[in-house]
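Here is a short briefing to read alongside your model. Keep the structure open and follow the points one by one.

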Amino acid sequence: RLWIVTNEKVLIKTNQTHVAKIKNSPKNVIYSTIYKDKKGIIWLGTINHGLFKWDGKQFIHEKTSNLKIIKSIYFIEEDDSENLYFSTEFGFIKWTKSTNKVFYVKMYNENKESMLVQPTALVFDKFNPNLVWISTREKGLIKFNRYDTLATVYGFQPKKSSEYSLSATDAQIVFQDSRNWIWVGTSNGIDILNPETGKYKHIY
């Protein structure tokens with residue numbers, strides 16, 4: 001079963017040819033992302049309407065006291081403890097579902113200075129559970145250690161050789177493959193980072 005979300009509709013593709021619209025889906029809502037968690041719950045991020053979930057029977061608008069302040073959700077990911085992480089208008093947010101607590105994820109650079117970022121996507125490292133790879137609108141790619149809060153920027157560096165620089169300041173999506181290489185989609189194409197060497201391969 002394949003789930004599809006468009007700006008205004010939520011669909012299920014049950015086989016190669018049949019696509020069905022979910023009935024009673026919220027009206028006047030612009031969807032921005034969709035995510036299926038480990039328990040099979042479908043989470044829907046929206047623009048200006050916060051978070052919805054589909055429990056198999058109905059849509060539920062998550063309007064808890066902690067989540068209701070979040071209006072726009074651009075990306076959703078889950079960690080190994082079933083906590084949800086969101087890219088929002090407030091930056092990088094963690095929701096601990098078991099305690100219903102929401103945290104702003106703080107990041108610090110190597111000089112211990114606080115970093116404010118606008119994440120567009122994220123992926124938890126398959127080989128190191130401490131690490132998260134985050135694409136951002138203004139700093140390119142970030143490697144974030146969620147235990148010591150250190151953020152390392154692999155961004156656009158015009159003064160360096162292109163093999164050590166992301167091709168643009170804005171990164172829209174990030175993916176880690178089985179070789180531990182990090183794929184980044186930017187406004188100038190696709191960049192592939194080898195974390196061991198710090199070198200990029202650019203595909204335009």
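R179 lies over the face of W181, at 4.0 Å from the ring centre. A charge counts as sitting over a ring if NZ of Lys or CZ of Arg is within 6 Å of the ring centre and within 35 degrees of the ring normal. This is a predicted model, in which local features need pLDDT of at least 70 and side-chain atom pairs count only at pLDDT 80 or more, while totals for chains, interfaces and linings use all residues. Residues are numbered from 1 along each chain as its sequence is written, and side-chain values use heavy atoms, with hydrogens and water left out.

**Charge over a ring**
- The charged end of R137 sits over the ring of Y74, 5.2 Å from its centre.

**Aromatic rings**
- The whole structure holds six aromatic pairs (Phe, Tyr and Trp rings, the last by its six-membered ring, with centres within 6.5 Å; planes under 30 degrees apart are stacked, over 60 edge-to-face and the rest tilted).
- F92 and F144 make an edge-to-face pair, because their ring centres are 6.3 Å apart and their planes stand at 75°.
- This pair links distant parts of the chain, with F92 in strand β10 (residues 91-96) and F144 in strand β16 (residues 141-145), 52 residues apart (strands are DSSP runs of E, at least two residues, numbered from the N terminus).
- F92 is buried at 1% relative accessibility, and F144 is buried at 2% (buried means under 20% relative accessible area, with a 1.4 Å probe and protein chains only).
- Y85, F92, F124 and F144 form one aromatic cluster.

**The open sheet**
- Four strands line up as β18-β19-β20-β21, with antiparallel pairing (two strands pair if DSSP finds at least two bridges between them).
- The edge strands, β18 (171-176) and β21 (199-203), each pair on one side only.
- Five bridges join β18 to β19 (residues 182-186), and Q176 has I182 in β19 as its bridge partner.

How values were computed
Buried means under 20% relative accessible area, exposed over 50%, partly exposed in between (1.4 Å probe, protein chains only).
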